[in-house]
Amino acid sequence: MIVELGHFALALALALAFAQSVIPFIGARLNDVALMRVARPSAITQFLLVALSYSALTYAHIVSDFSVVNVIENSHSMKPFIYKISGVWGNHEGSMLLWVLVLAFCGALVALFSATMSDKLRADALSVQGLISAAFLLFILLTSNPFARLSPAPWEGRDLNPILQDPGLAIHPPLLYFGYVGFSIVFSFAAAALISGRIDAAWARVVRPWTLLAWIALTLGIAMGSYWAYYTLGWGGFWFWDPVENASLMPWLAGTALLHSAAVMEKREALKIWTLFLSILAFSLSLLGTFLVRSGVLTSVHSFASDPERGVFILAILIFFIGGALALFAIRAGALPVGGLFAPISREGALVINNLLLSVICATVVVGTLYPLALEAMTGEKISVGAPFFNGVLMPIALPLALLMPIGQMLPWKRGDLSAALMRLQAAFLIGVMALAVFFASYGAPYLSVITASIAIYLIVGGLSDLFQRITFRLNDQRAILKRLSNVPLSAIGASIAHAGVGVTLLGLAATGWGVESVIAMAPLKAYDVGPYQLMIEEITPRQGPNYSEIYAQMSIHKQGVMLGRIEPAKRFYQTRKMARSEAGILTIGLGQIYAAIGESHPDGTLDARLYYKPLVTLIWIGALIMALGGACSLADRRLRIGVARRSIALRGREAAT
Amino acid sequence: MTRKSKRLTLIVGALAALGVAAGLILFALRDNIVFFYTPSELAKKNLAPGMRLRIGGLVKQGSVVKNGAQNVVFTITDKTADLAVSYTGILPDLFREAQGVVADGVMLQDGTFKADSVLAKHDEKYMPRDVADALKKQGVWQGEKK
């Protein structure tokens with residue numbers, strides 16, 4: 001009954017989404033306020049309906065209702081409780097439902113935090129948002145019904161894919177989806193601006209907090225996914241340039257560019273059309289990512305099923321929204337008021353270069369991801385484009401970008417003085433060169449790591465220099481520091497922190513070149529060298545888990561005779577799916593990690609093992625956390641807070657009216 | 001600078017950046033793409049040894065031989081042609097005989113394949129799409145039971 005209720009709620013949400021996309025839009029054209037105001041309650045109700053539907057599916061999973069196909073295929077009565085909840089989105093149907101839930105949630109957020117926005121902008125934006133919801137709800141109901149029943153019901157389910165039975169599943173997809181789908185809000189506002197033909201700095205103030213919110217979620221989601229892949233796949237890698245990973249990186253790059261260009265638009269009324277274009281692009285790339293992952297064009301851990309019908313449907317949605325938005329853009333962009341001008345050496349100029357480089361990086365990732373698909377479609381030739389391609393192309397673009405980042409921060413708006421900016425970065429340059437010498441002396445090779453790590457150090461120091469100099473400039477009173485700090489706009493603090501975060505991640509990436517890997521057959525009670533540490537298997541024992549059995553090796557880690565800790569890499573076997581999975585053993589020492597994964601055991605008592613020493617590896621994810629913190633700092637800025645911008649628009653509107 | 005010349009500078013800058021990127025992409029594509037073949041396609045191609053390739057197919061029943069701790073020799077087959085593969089390292093959790101597999105590596109002078117990474121299918125339902133397509137092409141695909 002509850003399951004049918006969920007199904008029904010979903011159908012109702014679809015009908016409402018259609019109404020939401022049509023009625024306010026007509027209202028906006030006829031200047032009928034009553035029709036326009038249908039948008040808010042319908043967006044909120046639509047969210048409640050989808051939430052109800054989602055809860056119904058979660059309920060079916062929790063009580064292990066094996067008459068529901070989705071539960072049979074992805075659950076098991078013995079499955080740990082947390083995976084019964086997170087397992088709801090660990091399959092195609094459920095994850096699409098989560099996608100739509102987040103989409104409806106975003107729509108509801110817009111509806112709730114737009115009390116003072118102009119009726120017309122809200123009506124247009126929510127009607128576009130409703131149209132996106134309608135398309136995806138239709139997709140779920142027609143091709144991916146999560147509520148399908150099976151009769152007679154089996155006694156037991158087939159369990160969730162063991163690779164997904166991990167706390168990472170509870171965090172990674174919701175964050176990632178909030179990032180992906182968060183850009184839909186920006187997309188809807190861009191479409192609304194294009195429809196009404198009105199775009200100004202106030203529009204940028206409306207859009208920027210939503211962009212920041214989506215960007216923060218996407219940053220955390222990508223970092224989380226990367227760490228999950230790192231500890232769960234047993235390869236010691238954290239990024240594989242897998243098309244599915246690229247699918248999340250593309251909107252992130254476009255979103256990062258958008259954050260920066262929206263700043264220019266807000267401050268200087270320039271780059272308007274470009275900002276609109278990026279707003280469309282960020283969500284288009286999210287849709288492209290969804291298509292790549294969900295259509296079965298690719299196969300990977302992430303694509304749960306391949307069904308051509310679904311692929312065609314998503315492709316149609318993709319073409320409709322991206323094509324429609326771009327067509328609207330092509331028709332309307334020319335008629336929009338042209339933005340202001342600026343000198344090349346200025347904050348705006350630097351942000352243009354930033355956008356240029358980020359777009360090029362984004363385009364490269366798109367080409368590298370789609371080229372193999374296109375080539376196969378046209379010639380039948382199958383190729384794979386992997387890490388060597390991406391590293392080869394992206395490093396020569398990303399490193400100059402890293403070099404330019406602190407310089408851009410030092411340049412003032414309107415007109416800047418390059419030599420003055422460079423003077424202010426003296427300390428950063430000096431420390432960067434010293435770092436180069438130190439890294440070269442202590443590691444020597446590989447050169448790329450040495451160079452990248454020094455640039456990273458420069459970027460950390462340079463990113464924070466601006467903030468440091470602002471609060472200590474001609475300082476004669478210690479107490480003044482706090483006062484000064486409170487006077488620096490939070491968005492500037494956020495920028496400094498986020499840039500330093502990029503530096504921290506870059507340092508972690510550079511240090512991968514100094515890691516040690518060894519694949520050996522380990523005999524018990526014998527110490528093996530891994531970098532500066534020694535690893536020893538103390539015992540190999542079987543153990544029983546809730547829905548798996550495992551063999552784990554207890555290893556101790558020593559340095560010069562001192563024991564630093566123990567790890568328990570394991571090989572698990574999941575009975576229901578007859579599937580094995582490795583569980584890596586990881587010990588964090590300082591900022592580095594010792595990583596061990598075990599393979600088969602041999603008759604002579606030895607055990608195959610992959611052992612890694614990864615110096616500074618945690619910085620990769622710590623850097624992402626710092627970036628997100630910087631974003632949160634910016635978001636907390638009073639001028640950018642969601643809703644505030646609207647009040648100012650409303651005020652402006654009222655002023656214009658009087 | 002006038003509005004026009006500024007716009008021109010911007011356009012020229014953007015084109016230059018795109019040009020450099022396109023150059024880098026083409027250069028990297030030439031050196032870094034890896035072609036995927038099945039054993040029978042490979043037999044027709046007559047490629048020079050030393051080229052990086054990905055080979056996909058099934059692990060031939062009874063062909064897996066382990067020499068010492070981590071040296072493995074096995075045969076990848078698409079039921080039309082076979083290819084002997086040698087590999088040193090830990091095989092993936094799901095590597096089994098008569099199951100789909102993809103090997104990355106280089107052809108050696110003696111016509112065998114030296115793999116430096118071996119990927120197995122993810123679960124009993126999933127087969128690398130490359131392998132599935134290759135098997136369909138060879139007409140030995142059993143299809144998904146659904």
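Helices (H or I, at least four residues) and strands (E, at least two) are DSSP runs, numbered from the N terminus. The structure is a predicted model, in which local features need pLDDT of at least 70 and side-chain atom pairs count only at pLDDT 80 or more, while totals for chains, interfaces and linings use all residues. Residues are numbered from 1 along each chain as its sequence is written, and chains are lettered from A and ligands numbered from 1 in the order in which they are written.

The predictor assigns the complex a pTM of 0.88 and an ipTM of 0.70. For chain B the mean pLDDT is 75, and 77% of the residues score at least 70; pLDDT is the predictor's confidence in each residue, from 0 to 100. Within chain B, confidence is highest in strand β5 (residues 82-88), at 89, and lowest in helix α3 (residues 129-138), at a mean of 58. The pLDDT is below 50 over residues 122-126 of chain B, a stretch that has eight contacts in the model beyond near neighbours in sequence. It is also below 50 over residues 142-146 of chain B, where the corresponding number of contacts is zero. A contact requires the C-beta atoms of two residues, placed from the backbone, to lie within 7 Å. Where pLDDT is low, the predicted coordinates should not be read in detail.

Helix α13 of chain A (residues 347-379) comprises 33 residues and reaches 46 Å from its first C-alpha to its last, close to the 48 Å expected at 1.5 Å a residue; the expected span is 1.5 Å times one less than the number of residues. α13(A) bends by about 35 degrees at A:Leu370, with a proline, A:Pro372, following within four residues. The bend is the angle between axes fitted to the seven residues ending at a residue and the seven starting there. After α13(A) comes A:Gly380, which has a positive phi, near 80 degrees.

The contact between the chains involves 34 residues from chain A and 31 residues from chain B. On the side of chain A that touches chain B, α13, β1 (382-385), α14 (387-410), β2 (516-522), β8 (579-583) and β11 (607-614) each supply at least two residues. The most come from α14(A), with six residues. β1(A) is joined by four bridges to strand β1 of chain B (residues 33-37), and the two run antiparallel; strands pair if DSSP finds at least two bridges between them. In this pairing A:Ile383 stands opposite B:Phe35.

Strand β10 of chain A (residues 592-601) is largely enclosed by the rest of the structure, because eight of its ten residues are buried. A residue is buried if 20 or more other C-beta atoms lie within 10 Å of its own, exposed if 12 or fewer, and partly exposed in between, with C-beta atoms placed from the backbone. Five bridges connect β10(A) to strand β9(A) (residues 585-589) in antiparallel fashion, with A:Thr588 opposite A:Gln593. These two strands form a hairpin with two residues between them, and A:Gly590 in the turn has a positive phi of about 60 degrees. β10(A) also pairs with β11(A), antiparallel and over seven bridges, and A:Ala597 stands opposite A:Arg610. The hairpin of β10(A) and β11(A) has five residues between the strands, and A:Gly605 takes a positive phi near 90 degrees.
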